[in-house]
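Dear colleague,

I am handing over the structure that we spoke about, with the sequence alongside. Please have both open while you read the notes that follow.

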Amino acid sequence: MVVGDISTGTDVLVIGAGPGGYVAAIRAAQHGLDTTLVERDAYGGVCLNYGCIPSKALITGAGLAHEAGNAEHMGIHADPAVDMEGLGGWKDDVVDQLTGGVEKLCKANGVNLVEGEASFADENTVRVAHGGDGQGSESIEFEHAIVATGSQPIELPGFDFTDEEVWTSRDALAADTIPDRLVVVGAGYIGMELATVFAKLGTDVTVVEMLDDALPMYESDVARVVRKRAKDLGIEFQFGEGASEWQESPDGGIQVVTETEDGVESTYAADKVLVAVGRRPVTEGVGLEAAGIETDDNGFIEVDDRMRTNRDHVFAIGDVAGEPMLAHVASHEGIVASEVIAGEPAAMDAQAVPAAVFTDPEVATVGMTEAEAEEEGFEPVVGEMPFRASGRALTADHTDGFVRIVADEETGLVLGGQIVGPEASELIAEVSLAVEMGATLEDVGSTIHTHPTLAEAVMEAAENAQGQAIHTLNR
Ligand SMILES: Cc1cc2nc3c(=O)[nH]c(=O)nc-3n(C[C@H](O)[C@H](O)[C@H](O)COP(=O)(O)OP(=O)(O)OC[C@H]3O[C@@H](n4cnc5c(N)ncnc54)[C@H](O)[C@@H]3O)c2cc1C
């Protein structure tokens with residue numbers, strides 16, 4: 001301990017107040033454990049402050065403006081103008097409400113909140129540096145610790161994040177003006193969501209991707225729907241090219257230099273370049289070595305299905321514990337870790353984890369694809385329902401995409417689903433529940449669904465898999 005330190009003790013010490021850490025802390029406190037949550041920046045972590053929430057707020061705003069300005073075929077004539085300060089202000093209000101809510105919830109559940117940067121001093125102690133002049137530091141002794149320090153964007157050689165022209169997703173979400181031209185490096189979900197936002201706000205967007213498709217982690221017919229719509233929105237794709245550097249350009253803007261595998265160079269003019277090529281764990285400065293906590297080759301903390309690290313009394317959850325790096329996964333892992341600490345028989349035993357991309361249209365998946373089901377030894381049966389055959393999709397004027405359900409032919413058990421289309425992120429919840437509950441195609445297909453809704457498409461896909469669809473031709 002350093003002279004002048006205050007020293008306190010706690011049952012559970014949580015480092016990081018993102019959707020992993022704050023949920024873990026609340027659950028631990030609900031179990032009657034004395035719980036301390038340390039955060040160095042803002043309650044709610046990346047998700048509430050710089051990720052899920054601000055991006056979805058901008059997606060809503062940009063989508064509203066775009067729809068209103070493109071509805072002549074419905075007899076609606078408007079020419080909306082987006083004032084980025086106004087849109088940004090509304091987004092910040094949403095963020096503030098949620099982050100304020102996190103702080104209140106933590107306090108109301110009896111979590112001790114400590115502001116500062118935590119790092120392990122030894123196996124049972126963290127030091128928290130409070131930052132700022134004369135703010136000092138404190139040592140906290142703990143019985144159990146949960147590391148929930150999250151992730152940060154990966155920097156690409158040639159694109160220094162301190163350069164004003166180079167944007168991380170966080171910079172893009174904080175933009176107070178709309179750039180005329182934007183190059184997005186990386187066509188994963190973060191790159192594609194933000195490319196869609198800016199294209200709808202009127203920016204000329206070029207997406208550069210080393211692989212040969214957008215959203216390369218999804219099935220090609222799913223990605224195709226998003227790519228086609230993105231092109232309709234004016235987004236240009238340059239596949240098979242890696243961005244190597246940016247340069248100032250004589251027109252006052254910049255140009256982004258790319259290179260193919262064969263060494264062919266191209267340049268794309270822009271005002272900003274958004275680098276969205278992936279995220280890496282935040283472990284530096286956390287003093288993992290002092291507590292003897294191991295990481296894998298990519299720097300993620302290794303955990304078992306109870307979120308335990310190699311040290312029995314230290315847990316790791318959320319992005320810092322590796323893929324899938326999603327907010328709802330972080331929260332679920334947080335609950336598991338706290339339950340285990342409280343002596344409950346908890347473990348990560350979800351049958352399937354849903355994931356969503358909030359592009360236009362949205363993509364959402366859960367469980368197995370047809371190919372994965374085959375690999376697992378099932379004889380999969382697949383049912384589909386295109387949204388163009390859905391009354392609700394037509395009345396919502398969003399008919400791109402489809403619902404696909406994958407099931408085991410012999411038992412009818414639902415194994416997974418892939419949805420690309422309107423409200424896919426909401427609709428996937430029904431398929432997730434089906435997979436988790438061990439529901440069959442018959443269960444889903446013979447459940448009465450409200451009409452007219454998009455959810456009927458899930459029912460129809462299940463009927464289609466059984467050769468009994470009414471509103472689409474059976475396969
Ligand atoms: C643009 C964008 C959009 C996204 N959209 C979605 C989405 O729609 N849906 C979805 O599920 N996921 C989305 N994500 C991913 C999601 O944000 C993360 O999976 C989630 O935030 C991970 O939660 P976490 O608790 O593990 O970490 P984080 O949210 O990263 O929180 C970690 C916290 O730990 C704090 N911290 C770090 N080190 C220390 C330390 N030494 N001491 C004290 N505090 C520390 C940090 O300040 C931070 O607040 C998005 C991410 C981005 C970037």
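Three strands, in the order 12-13-14, make up an open sheet in which the pairing is antiparallel. Strand 12 (242-248) and strand 14 (265-270) are its edge strands, each of them pairing on one side only, and from one strand to the next the twist averages 25°. Please keep in mind throughout that this is a predicted model.

Strand 12 is joined to strand 13 (residues 254-259) by six bridges, the two running antiparallel, and if you look for A243 you will see that it stands opposite T258 in strand 13. Strand 13 also pairs with strand 14, again in the antiparallel sense and over six bridges, and here Q255 has A269 of strand 14 as its bridge partner. The hairpin of strand 13 and strand 14 has five residues between the strands, and within this hairpin G263 takes a positive phi near 85°.

**The ligand and its surroundings**

Which residues are the closest to the ligand? Of the 40 residues that surround the ligand, the closest are G20, E39, K56, D319 and A327. For E39, a polar side-chain atom lies 2.6 Å from an oxygen atom of the ligand, while for K56 an N or O atom in the side chain is 2.7 Å from an oxygen atom of the ligand. The side chain of H328 likewise has an N or O atom 3.3 Å from an oxygen atom of the ligand. Taken alone, the ligand exposes 1,000 Å², and the protein buries 96% of that.

Several elements each supply at least two residues of the shell around the ligand, namely strand 2 (35-39), helix 2 (45-50), helix 3 (52-69), strand 4 (117-122), helix 6 (189-200) and helix 9 (327-341). Helix 2 gives the most to this shell, with four residues. By type, the residues of the shell divide into 19 nonpolar, 14 polar and seven charged. The shell draws at least three residues from each of domain 1 (7-153 + 280-342) and domain 2 (166-277).

Strand 21 (residues 402-408) and strand 22 (residues 414-421) run antiparallel and are joined by six bridges, with F402 standing opposite V420 in strand 22.

**Backbone points to look at**

Most residues other than glycine have a negative phi, and most peptide bonds are trans. With that in mind, the peptide bond from D360 to P361 is cis, with omega near -5°, and P361 is found in the loop between strand 18 and strand 19 (362-367). A cis peptide bond also joins H451 and P452, where omega is about -5°, and P452 lies in the loop between helix 13 (441-445) and helix 14 (456-465). Finally, L215, which is not a glycine, has a positive phi near 45°, and L215 is found in the loop between strand 10 (204-209) and helix 7 (220-232).

With kind regards

Terms used. Residues numbered from 1 in each chain as written. Predicted model: local features only at pLDDT ≥ 70, side-chain atom pairs only at ≥ 80, totals over all residues. Heavy atoms only, no water. Pairing = 2+ DSSP bridges. Axes fitted to C-alpha atoms, helices over the stretch in contact; angles between N-to-C directions. Near = heavy atom within 4 Å. Polar contact = N/O pair within 3.5 Å; in protein donor to acceptor, adjacent residues only side chain to side chain. Areas by Shrake-Rupley, 256 points an atom, 1.4 Å probe, with all protein chains shown as cover. Nonpolar A, V, L, I, M, F, W, Y, C, P; charged D, E, K, R; others polar. Domains from an automatic or database assignment.
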